[in-house]
Amino acid sequence: MSCASTARKQYIALKAAGVCVRCKVEKAREGRTECEQCSKDHRKIRNQSYAENKPEDLCNSCRRNKPTPGMKMCASCRILGAAAARKRAEKKKAGK
Ligand SMILES: [Zn+2]
Ligand SMILES: [Zn+2]
């Protein structure tokens, strides 16, 4: 008997007993194979790997520079954007 089928058997046994198949300690959630804590950890890991695997992080505007952390645009584009917005606002004011 190989190790894999032993693990599989344990998985089935844990699942049947309503015990978390990850930590093998806590009770699994209703209709799930993992307990609350383990399913949370799982999600965290998945989110992390998603962040790491996402396509190259580039500024939405110039597509050349790295964006400021937490922002969609790089610092220089944000400064340019802010300057343009200010100009527009001034024009609007002057026009009225
Ligand atoms: Zn668990
Ligand atoms: Zn940029």
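I began with helix H3. At 1.5 Å a residue, its 21 residues should span 30 Å, and the end C-alpha atoms are 30 Å apart, so the two agree. The expected span is 1.5 Å times one less than the number of residues. Helices here are DSSP runs of H or I with at least four residues, strands are runs of E with at least two, and both are numbered from the N terminus.

**Ground rules.** I noted that this is a predicted model, in which local features need pLDDT of at least 70, side-chain atom pairs count only at pLDDT 80 or more, and totals for chains, interfaces and linings use all residues. Residues are numbered from 1 along each chain as its sequence is written, while chains are lettered from A and ligands numbered from 1 in the order in which they are written.

**Confidence.** I looked up pLDDT, the predictor's confidence in each residue, from 0 to 100. The chain averages 86, and 83% of the residues score at least 70. Confidence is highest in H3 (residues 75–95), with a mean of 93. It is lowest in H2 (residues 36–53), with a mean of 72.

**Overall plan.** Along the sequence the pattern reads α-α-α. Next I checked burial. A residue is buried if 20 or more other C-beta atoms lie within 10 Å of its own, exposed if 12 or fewer, and partly exposed in between; the C-beta atoms are placed from the backbone. Of the 96 residues, 6% count as buried. H3 is hardly covered: one of its 21 residues is buried.

I then turned to contacts. Two residues are in contact if their C-beta atoms, placed from the backbone, lie within 7 Å. Among contacts between residues at least 6 apart in sequence, 0% join residues at least 24 apart.

**Cys77.** I found Cys77 in helix H3. Is Cys77 buried or exposed? Cys77 is buried, because 20 other C-beta atoms lie within 10 Å. Leaving out residues up to four places away in sequence, Cys77 touches Cys59, Ser61 and Cys62. I also checked the distance to Ser61. Cys77 and Ser61 are 16 residues apart in sequence, and their C-alpha atoms are 6.7 Å apart.

**Loop between H2 and H3.** I looked at Asp57 in this loop. Asp57 has 10 other C-beta atoms within 10 Å, so it is exposed. Which residues does Asp57 touch, not counting those up to four places away in sequence? Asp57 touches Lys66 and Pro67. From Asp57 to Thr68 is eleven residues in sequence and 10.0 Å in space, C-alpha to C-alpha.

Arg63 sits in the loop between H2 and H3 as well. Arg63 is not a glycine, but its phi is positive, near 60°. Arg63 counts as exposed because it has 10 C-beta neighbours inside 10 Å.

**Loop between H1 and H2.** I placed Lys24 in the loop between helix H1 (3–17) and H2. Lys24 has a positive phi of about 60°, although it is not a glycine. Lys24 has 14 C-beta neighbours inside 10 Å, so it counts as partly exposed.

Gly31 also lies in the loop between H1 and H2. Why does Gly31 count as exposed? Gly31 is exposed because 5 other C-beta atoms lie within 10 Å. Gly31 and Lys15 are 16 residues apart along the chain, and 9.7 Å separates their C-alpha atoms.
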